[in-house]
Each structure stands twice: as structure tokens, then as C-alpha cells.
Amino acid sequence: MLAKAHIAVGMAAAFSIVRPATVAEALPVIAGGALGCLICDLDCENKSEKSDSSHWRNVMVLVAAAALIEDHLLDAGMWSSLGHSGDHLPVLFAPVGQYLWFAGLAGFVIICVFAGGSGHRGFSHSLLALALETLCMWLIFPAVAMPFAIAFASHVLLDMMNKRSVRLFYPAKKGICLGWFYADRLANKAIAAGGTIWMIAAVILCLRSRG
């Protein structure tokens, strides 16, 4: 699938599963969903796919940054982990919480660099990458980790449905390919449109639950 489909479905899935009831609760969902929905495609090799992914990934990084800034302005809670880095960790690790925050940030950068050179739909689309990147995100911004993982997983599931295999169980060489449709044709447009409707409906339902 191309970027717009992944964004719509990833954000819709994050809102539907996390179901934030307030603006403060929605901000980490926006940040996590925006970061997770396209991070898999750091490894794009095809020129047109790489251009599409890079453009929209930059947009999503800006969306995530805006959510983080808004969270800071509202003192909504995402940034509290920076001042109390061990609070969300098991008691055994709490004394070194701040160091683990830096480890999470460094680990996330290293994993992304490795993913970018791992070959398309290789490591970056695997359960191993999902687990490692989500762990790093949990160490950096705990509230962002779940929506990040949901958006990441939605990306992988969509890509498994088309005609190019995904190495879900990396480092195993065999990939999974359901072969239902091509990634860049009518199905992509239909999923992008359907995902957008789903995303709008999910946000509206969350706002209604607030009342």
C-alpha cells in the first residue's frame, strides 16, 4: 500500500483501539499513530514508492511534533516521563530510569538506521522490528508506545495482503504474501478512502464518548 492508505488505516486503528476520551488523551494517540504508520517504509527502494513514503513520513513527523508541542503547552502528561523517567518502569529498573530513556532514544535511532538498509519489506516489516521499536518508544514516551505499535502493525497487515512478500518472522528468509491485490492500484485508493472514513468516524465516536 502507498502512504495515504497506511496513514488513514494506522490512525483509524489507533483511535479505535485506544479510544481517547479527551484532547489530552488524544495527543499521544496522534503522535504514536503518526510515527508508527509509515516507519516501516524507511527501507523503500523503488524510486516512486520512496518519494511517496518520504514525503508523507515527513508530514507525519511534523504532525507528531505538533502533538508533542501541544502536549507540552497543555501539560497533558506525555513529557512527564522526562522528569520522572523511572515511574513507569518495574521497581528493579526505576533507579536507572533516566539512563534507560537515553538508551531508548539511541536504540530507536540505531534500529531505524538498520531498518533503512535492510531491504524492502525485510527487517523493517517484521515482528522483531515491531517489538524493538515499541520497546524503545515505551522507554522514551510511554503513552505513545501503544498507538505506535497499533499503527505499525496495521502497516504490516496491509502490506501482507498484496503481491510482494513481507518477512514477518525476520531473520527467517521466507516471507508472507496473501496476494490479494497490487499495492499501488485500485485497492490502494479504496483502502485509503475507506480508512479515511473509518478514521473520521473513530475520532467522532471518541469525541461523543467524552460527552
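Is the crossing of α1 and α2 left-handed or right-handed? In this predicted model, the crossing of these two helices is right-handed, and their axes come within 9 Å of each other while crossing at roughly 145°.

**Packing of α1 with α2**

- Helix α2 covers residues 23-36, and its axis and that of α1 cross at roughly 145°; helix α1 itself is the run 3-18.
- On the α1 side the residues that meet α2 are M11, A14, F15 and V18, and their partners in α2 are A26, V29, I30, G33 and A34.
- Sorted by class, the residues of this contact comprise 8 nonpolar and 1 polar, with no charged residue among them.

**Packing of α2 with α3**

- Helix α2 also packs against α3, at an angle of about 155° and with the two axes 8 Å apart.
- Because angles over 145 degrees count as roughly antiparallel, that angle makes α2 roughly antiparallel to α3.
- The handedness of the crossing of α2 and α3 is left-handed, whereas α1 and α2 form a right-handed crossing.
- From α2 the contact draws on V23, L27, I30, A31, A34 and L35, and from α3 it draws on M60, V63, A64, A67, E70, D71 and L74.
- The class count for the contact of α2 with α3 is 11 nonpolar and 2 charged residues, with no polar residue.
- I30 and A34 of α2 take part in the contact with α3, and I30 and A34 are also listed among the α2 residues that meet α1.

**Packing of α6 with α7**

- Helix α6 (residues 127-140) and helix α7 (residues 142-160) have axes that come within 7 Å and cross at roughly 160°, and the two helices are therefore roughly antiparallel to each other.
- The crossing in which α6 passes α7 is right-handed.
- Helix α6 contributes A129, L130, E133, T134, M137, W138 and I140 to the contact, while α7 contributes P142, V144, A145, F148, A149 and F152.
- By class, 11 nonpolar residues, 1 polar residue and 1 charged residue make up the contact of α6 with α7.

**The largest pocket**

- The volume of the largest pocket is about 160 Å³, and of the 13 residues that line this pocket, K4, A5, A8, A192 and T196 are the closest to its centre.
- Both α1 (3-18) and α8 (186-210) supply at least two residues each to the lining of the largest pocket, and α8 gives the most, with 6 residues.
- The lining of the largest pocket divides by class into 9 nonpolar, 2 polar and 2 charged residues.

**The largest cavity**

- The count of cavities of 30 Å³ or more comes to 1, and the space in the largest cavity is about 80 Å³.
- The residues that line the largest cavity are M1, L2, A3, D41, C44, E49, D52, S53, H120, R121, D159 and A183.
- Helix α3 (residues 47-74) gives the most to the lining of the largest cavity, with 3 residues.
- By class, the lining of the largest cavity has 5 nonpolar, 2 polar and 5 charged residues, whereas the lining of the largest pocket has 9 nonpolar, 2 polar and 2 charged residues.

Note on methods
Residues are numbered from 1 along each chain as its sequence is written. This is a predicted model: local features need pLDDT of at least 70, side-chain atom pairs count only at pLDDT 80 or more; totals for chains, interfaces and linings use all residues. Side-chain values use heavy atoms; hydrogens and water are left out. Axes are lines fitted to C-alpha atoms, for helices over the stretch in contact, and angles run from 0 to 180 degrees between N-to-C directions. Helices (H or I, at least four residues) and strands (E, at least two) are DSSP runs, numbered from the N terminus. Angles under 35 degrees count as roughly parallel, over 145 as roughly antiparallel, 65 to 115 as roughly perpendicular and the rest as oblique. A crossing is left-handed if the near helix is turned anticlockwise from the far one by less than a right angle, and right-handed if clockwise. Contact means heavy atoms within 4.5 Å. Ala, Val, Leu, Ile, Met, Phe, Trp, Tyr, Cys and Pro count as nonpolar, Asp, Glu, Lys and Arg as charged, and the others, Gly among them, as polar. On a 1 Å grid over the protein atoms alone, a cavity is a set of points where a 1.4 Å probe fits but cannot get out, and a pocket is an open set with protein on both sides within 12 Å along at least five of seven lines; lining residues have an atom within 4 Å of a point. Grid points are joined across faces, edges and corners, and a volume is the space filled by probe spheres set on the points.
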